[in-house]
Amino acid sequence: MRAIFILLILSGPILWAQSDSARAPRAWGQPEKAAVASALIPGAGQILNKQIWKAPIAWGIMAGSGYYLYQNQRSYNRLTTAIDLRLDNDPLTVDEFDGQFSTNQLFSLQNDYRRRRDYAVLGVGAGYLFQVLDAYAAGHLVDFDVSPNLSARFRPAFGPQTTFGAQLTLAWH
């Protein structure tokens with residue numbers, strides 16, 4: 001039984017593989033290119049989709065949440081150092097918050113800044129994911145026709161089952 005199992009595992013790729021002639025090379029479309037460009041360089045997918053005005057918005061979201069992350073990490077590190085200095089049992093070391101906050105208050109502040117920092121990491125990730133998804137979705141609409149030659153006509157209609165109704169006709173020319 002064990003030999004059959006090993007034989008199936010080793011021969012699996014050979015049994016289920018397709019020949020190279022069956023695989024057609026797939027060309028990348030605009031949405032994929034925009035998503036990859038945006039994943040590599042934030043805002044590049046928006047520029048590739050000719051929506052240049054969206055790139056500074058993506059950069060601003062990333063920069064703002066990145067700065068918030070930096071500030072909270074810096075404050076967290078300062079509080080960690082102050083707690084370490086208070087708890088080292090050396091009366092000669094004094095932290096920068098001595099006389100300002102108690103040790104319990106420092107622990108509470110450290111937890112607050114840790115929570116804020118963690119939310120900032122989520123914000124950076126969400127901003128990054130949002131701009132990639134925006135580039136991908138906009139890549140589908142690059143060739144969408146938005147010509148001003150649209151018309152609509154509203155008129156009464158009579159059908160075989162109903163005696164009276166309404167019909168709305170939209171036409172693109």
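This is a predicted model: local features need pLDDT of at least 70, side-chain atom pairs count only at pLDDT 80 or more; totals for chains, interfaces and linings use all residues.

Reader: What pattern does the protein follow along the sequence?

Author: Helices (H or I, at least four residues) and strands (E, at least two) are DSSP runs, numbered from the N terminus. The protein has 5 helices and 2 strands. Read along the sequence, the pattern is α-α-α-α-α-β-β.

Reader: What share of the residues of the protein counts as buried?

Author: Buried means under 20% relative accessible area, exposed over 50%, and partly exposed in between, with a 1.4 Å probe and protein chains only. The accessible surface comes to about 13,100 Å², and 65% of that belongs to carbon and sulfur atoms; the areas come from the Shrake-Rupley method with a 1.4 Å probe, and for residues only the protein chains shown count as cover. Of the 173 residues, the buried share is 21%.

Reader: Of the contacts with a separation of 6 or more, what percentage comes from residues 24 or more positions apart?

Author: Contact means heavy atoms within 4.5 Å. Among contacts in the protein with a separation of 6 or more, residues 24 or more positions apart account for 48%.

Reader: Is α2 roughly parallel or roughly antiparallel to α5?

Author: Axes are lines fitted to C-alpha atoms, for helices over the stretch in contact, and angles run from 0 to 180 degrees between N-to-C directions. The axes of α2 (residues 30-40) and α5 (residues 103-140) come within 7 Å and cross at roughly 160°. Angles under 35 degrees count as roughly parallel, over 145 as roughly antiparallel, 65 to 115 as roughly perpendicular and the rest as oblique. The crossing angle therefore makes α2, relative to α5, roughly antiparallel.

Reader: How many nonpolar residues does the contact of α2 with α5 have?

Author: On the α2 side the contact includes Ala34, Ala35 and Ser38, and on the α5 side Tyr128, Val132 and Ala135 are among the residues. Ala, Val, Leu, Ile, Met, Phe, Trp, Tyr, Cys and Pro count as nonpolar, Asp, Glu, Lys and Arg as charged, and the others, Gly among them, as polar. By class there are 5 polar and 1 charged residues, and the nonpolar count is 9.

Reader: Is Ser38 buried or exposed?

Author: Ser38 is found in helix α2. Apart from neighbours within four places in sequence, Ser38 is in contact with residues including Gly43, Gln46, Tyr128 and Val132. With a relative accessibility of 0%, Ser38 counts as buried.

Reader: Is the crossing of α4 and α5 left-handed or right-handed?

Author: Helix α4 (residues 55-86) packs on α5 at about 160°, with the axes 8 Å apart, which makes the two roughly antiparallel. By class, their contact has 17 nonpolar, 11 polar and 4 charged residues. A crossing is left-handed if the near helix is turned anticlockwise from the far one by less than a right angle, and right-handed if clockwise. The α2 and α5 crossing is right-handed; the crossing of α4 and α5 is left-handed.

Reader: How far apart in space are Leu79 and Gln110, C-alpha to C-alpha?

Author: Leu79 is found in helix α4 and counts as buried at 3% relative accessibility. Leaving aside neighbours within four places in sequence, Leu79 is in contact with Phe97, Leu106, Leu109, Gln110 and Tyr113. Leu79 and Gln110 are 31 residues apart in sequence, and their C-alpha separation is 5.8 Å.

Reader: What is the relative accessible area of Leu109?

Author: Leu109 lies in helix α5. Not counting residues up to four places away in sequence, Leu109 touches Leu79 and Phe101. Leu109 is partly exposed, at a relative accessible area of 24%.

Reader: What is the phi of Lys50?

Author: Lys50 sits in the loop between α3 (44-48) and α4 and is exposed, with a relative accessible area of 69%. Lys50 is not a glycine, yet its phi is positive, at about 60°.

Key
Residues are numbered from 1 along each chain as its sequence is written. Side-chain values use heavy atoms; hydrogens and water are left out.
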